[in-house]
Amino acid sequence: MGLDERREREKVYQPAEDSHLLATAARDEAAPTDRTLDVGTGSGYVATAMAETGATVYGVDPNPHACRQARESGIRVVQGDLTEPFGDGVFDLVTFNPPYLPTTPEEAVDDWMEVALAGGESGRAVIEPFLAGVGRVLTPEGRVLMLVSSLSGFDTVVELANEAGFTATTVDQDSFPFETLSILRLDHE
Amino acid sequence: MKESLMEIVRCPMDKQELELEVIQRTDDEVLEGRLVCSECGEEYPIEEGIPNLLPPDMREDAPA
């Protein structure tokens, strides 16, 4: 890897346990006829896993470095904020591994890795607008797979999903020393 | 970006349709150009094949 490429990768969240859990669930869920969107696609890891099923996969990320890396992985990528740049009812499946680490304002540093990781004081600063907006871009039968960490309050995230008009089901779970990671499936009520 | 993207993208501000203006393209992709909202007229750049559909305030606030 060249120095420029290394510097570029340092600005993009690279796949970890959470990415792997979501990628596995997404690969199991996606169908070849699906049009799917990976929100906060980062390196494009989850999007690439879904593309293996034959699904038509799009990725969106606010980080220009992530967009370049995902594009190099062959993902159709848009630089944008969550589901805002898309039309109504266009996706059969949306996946999201959100920034979820609870972060105090004092801890905040203004760089792209922070944007990929930090979820504000509650850990839900990005999860909340995602849940409020994702229903609009889903088809009537569309579903969401999102990663939820115990650090950002699992029960509260389920409540927010219910308030946004979804039923929530846990489809996979894995425990680590400091957190439990769950894959939540959301369907329109 | 592939032109088929036009079927699913909308202006992030008012969700209206976008018009594609091509500056440079290959056989199957637009490399440079812009997307212009048919309603509010906001312009979104396409650079190195990636359309930037961040709302204008987020485009300016971005970390380095």
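Ser152(A) is in contact (heavy atoms within 4.5 Å) with Tyr100(A), Ser122(A), Gly123(A), Arg124(A), Ile127(A) and Val157(A), leaving out residues up to four places away in sequence. This is a predicted model, in which local features need pLDDT of at least 70 and side-chain atom pairs count only at pLDDT 80 or more, while totals for chains, interfaces and linings use all residues. Residues are numbered from 1 along each chain as its sequence is written, chains are lettered from A and ligands numbered from 1 in the order in which they are written, and side-chain values use heavy atoms, with hydrogens and water left out.

**Two buried loop residues of chain A**

- Ser152(A) sits in the loop between β5 (138–149) and α7 (154–163) of chain A, where helices (H or I, at least four residues) and strands (E, at least two) are DSSP runs numbered from the N terminus.
- With a relative accessible area of 1%, Ser152(A) is buried; buried means under 20% relative accessible area, exposed over 50%, and partly exposed in between, with a 1.4 Å probe and protein chains only.
- Thr53(A), in the loop between α3 (45–51) and β2 of chain A, is also buried, at a relative accessible area of 18%.
- A polar atom of the Thr53(A) side chain lies 3.3 Å from the backbone nitrogen of Ala55(A), and beyond its neighbours within four places in sequence Thr53(A) touches Arg27(A), Ala30(A), Ala31(A) and Pro32(A).

**Helix α4 of chain A**

- The buried residues of α4(A) are His65(A), Ala66(A), Cys67(A), Gln69(A) and Ala70(A), and their cover includes α1 (3–9), β2 (56–61), β3 and α5 of chain A together with β4 of chain B.
- The N-terminal end of α4(A) is capped by Asn63(A), a side-chain oxygen of which lies 2.8 Å from the backbone nitrogen of His65(A).
- After α4(A) comes Gly74(A), which has a positive phi, near 90°.

**Contact between chains A and B**

- The contact takes 24 residues from chain A and 25 residues from chain B.
- About 1900 Å² is buried between chain A and chain B, with carbon and sulfur atoms giving 61% of it; buried area is the accessible area (1.4 Å probe) that two parts lose on being put together, summed over both.
- There are 3 salt bridges between chain A and chain B, a salt bridge being a side-chain nitrogen of Lys or Arg within 4 Å of a carboxyl oxygen of Asp or Glu.
- Arg71(A) and Glu29(B) form a salt bridge in which the closest N and O atoms are 2.9 Å apart.
- On the side of chain A that touches chain B, the elements giving two or more residues are α4 (64–72), β3 (76–79) and α5 (112–117) of chain A.

- Chain B has an open sheet of 4 strands in the order β1-β2-β3-β4 with antiparallel pairing, two strands being paired if DSSP finds at least two bridges between them.
- The edge strands, each pairing on one side only, are β1 (18–25) and β4 (50–51) of chain B.
- Strands β2 (residues 30–37) and β3 (residues 43–47) of chain B run antiparallel and are joined by 4 bridges.
- Leu35(B), in strand β2 of chain B, is buried at a relative accessible area of 0%, and its bridge partner in β3(B) is Tyr44(B).
- Leu35(B) and Ile46(B) are 11 residues apart in sequence and 7.3 Å apart in space, C-alpha to C-alpha.
- Among the residues that Leu35(B) touches, not counting those up to four places away in sequence, are Met1(B), Met6(B), Leu18(B), Ile46(B), Pro51(B) and Leu53(B).

How values were computed. Polar contact = N/O pair within 3.5 Å; in protein donor to acceptor, adjacent residues only side chain to side chain.
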